[in-house]
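The following note sets out some points to consider while examining the model shown below. Please read each point with the structure in view.

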Amino acid sequence: MVTDKVLAPELQSIAAKVKAGERITDADCLTLFEKASLGFVGSLANSIKERLHGDKVFFNRNFHIEPTNVCVFSCNFCSYSKLYAQKEDGWELTIQQMLDMVKKYDGKPVTEVHIVGGVHPKMDLIFFADLLKQIKAHRPDLHIKAFTAVEYDYMFRKAKLSVEDGLKFLIEAGLDSIPGGGAEIFHPEIREKICADKVDADGWLKIHETAHLLGLHSNATMLYGHIENYTHRVDHMRRLRELQDRTKGFNTFIPLKFRNKDNDMSNVPESTHIEDMRLYAIARIYLDNFPHLKAYWPMLGRQQAQLSLSFGVDDIDGTIDDTTKIYSMAGSEELNPAMSTTELVHLIRQAKRAPVERDTLYNEIQNFGKTGENVNPDLN
Ligand code: V47
Ligand code: SF4
């Protein structure tokens, strides 16, 4: 428990708000970043997580398709992309190759495909609509979570379509929801230094708002732990909280820890584990209108992801099945990210939580229960 007596008055006031279920202000959030210990924010965040979800921790059975790593943009933190001019180093998958990847999962209980990649000038709206249609025709029950706001912005501008018309076109083709990538840090002071040439904050937020108004759900990310300071983090989360107040369309907030291998920011040190956990906890406290907080284990590493379950996190993404390269190329210790359902269940149970398999929209598929309960012989 948090003991009010030994706390600075501003921390006492924040603790009182959290206990009463009240929203904290931007200034409170900054105070937490500047002054609060890991134990203090962790205890508050865990109480919020338990109020929302009890001892449940969610995961899903999913795989990724990365259509290309060729990209017209040049984000300084990106270890993954190859410029269009040097595309001999990159890959470009055909629709048939991507469909074959989907077919590999025939008869397997995956519920989601996550499609995201570089921004290739020749892969346009028609190409991707065709991809979505063919995936849906082959496996109608597979949820397609596809393309970041950065990819949409480029695709729709090239097709000379409004965001609304472009999204409607892709929904018609089979799009089910939108992942949270491309948000990075919204504040222009930082955005101009790390990813100057891609969609700006207003463009990113407009695409998500339009998607929400069309009935889609989406996620939101924040790339943290590089050259941003605490006020930039608060600004980023404020913009997300404001949009969520209007639309309620976000499912999950996903902080993404900056990894510094083989990119133009390799001189910037990575954040410490303590700062990582403090950030998860503060995000859980501040983003009171986000139902879920995700620790993306391929990026954070499985042990840190497990630890984050005590700091407000209620979701650790999914099985992945070694189908993403973004993080291994950027220096994550997870070189071939794949976890069987058995491993995910075990990892969550070790943290004394109850693993719950969900679909993309957080409908519960199976509650495996805490250690020793509901042991299912068919975990894989
Ligand atoms: O936008 C790129 C990040 C994101 C690095 O919605 C890096 O469920 C750290 O958004 N260090 C794409 N991060 C991935 C993404 C995502 C991942 C998992 C789940 C979901 C979801 C979304 O990857 C990019 C960028 O922020 N990224 N390079 C790097 N060096
Ligand atoms: Fe391209 Fe995305 Fe990498 Fe930026 S982060 S260079 S948009 S692949």
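This is a predicted model: local features need pLDDT of at least 70, side-chain atom pairs count only at pLDDT 80 or more; totals for chains, interfaces and linings use all residues.

**Notes on the model**

1. Lys160 comes after helix 6 and has a positive phi, near 55°. Helices (H or I, at least four residues) and strands (E, at least two) are DSSP runs, numbered from the N terminus.

2. Residues are numbered from 1 along each chain as its sequence is written, chains are lettered from A and ligands numbered from 1 in the order in which they are written, and side-chain values use heavy atoms, with hydrogens and water left out.

3. Helix 6 (residues 149-158) is largely enclosed by the rest of the structure, because eight of its 10 residues are buried. Buried means under 20% relative accessible area, exposed over 50%, and partly exposed in between (1.4 Å probe, protein chains only). The buried residues of helix 6 are Ala149, Val150, Glu151, Tyr152, Asp153, Tyr154, Met155 and Phe156. Their cover includes helix 5 (125-138), strand 6 (143-146), helix 7 (163-173), strand 7 (177-178) and helix 9 (201-213); contact here means heavy atoms within 4.5 Å.

4. The protein has 15 helices and 13 strands. Its radius of gyration, 20 Å, is close to the 21 Å that the globule rule gives for 380 residues, so the protein is as compact as a globular protein of that length. The radius is taken over C-alpha atoms, and the rule is 2.2 Å times the number of residues to the power 0.38. Of the 380 residues, 59% count as buried.

5. How do helix 2 and helix 11 cross? The axes of helix 2 (residues 26-35) and helix 11 (residues 273-286) come within 10 Å and cross at roughly 160°. Axes are lines fitted to C-alpha atoms, for helices over the stretch in contact, and angles run from 0 to 180 degrees between N-to-C directions. The two helices are therefore roughly antiparallel to each other (angles under 35 degrees count as roughly parallel, over 145 as roughly antiparallel, 65 to 115 as roughly perpendicular and the rest as oblique). Asp26, Cys29, Leu32 and Phe33 in helix 2 meet Arg278, Leu279, Ile282, Ile285 and Tyr286 in helix 11.

6. His53 lies in helix 3 (residues 38-53). With a relative accessible area of 14%, His53 is buried. Leaving aside residues up to four places away in sequence, His53 touches Phe58, Pro291, His292 and Asp314.
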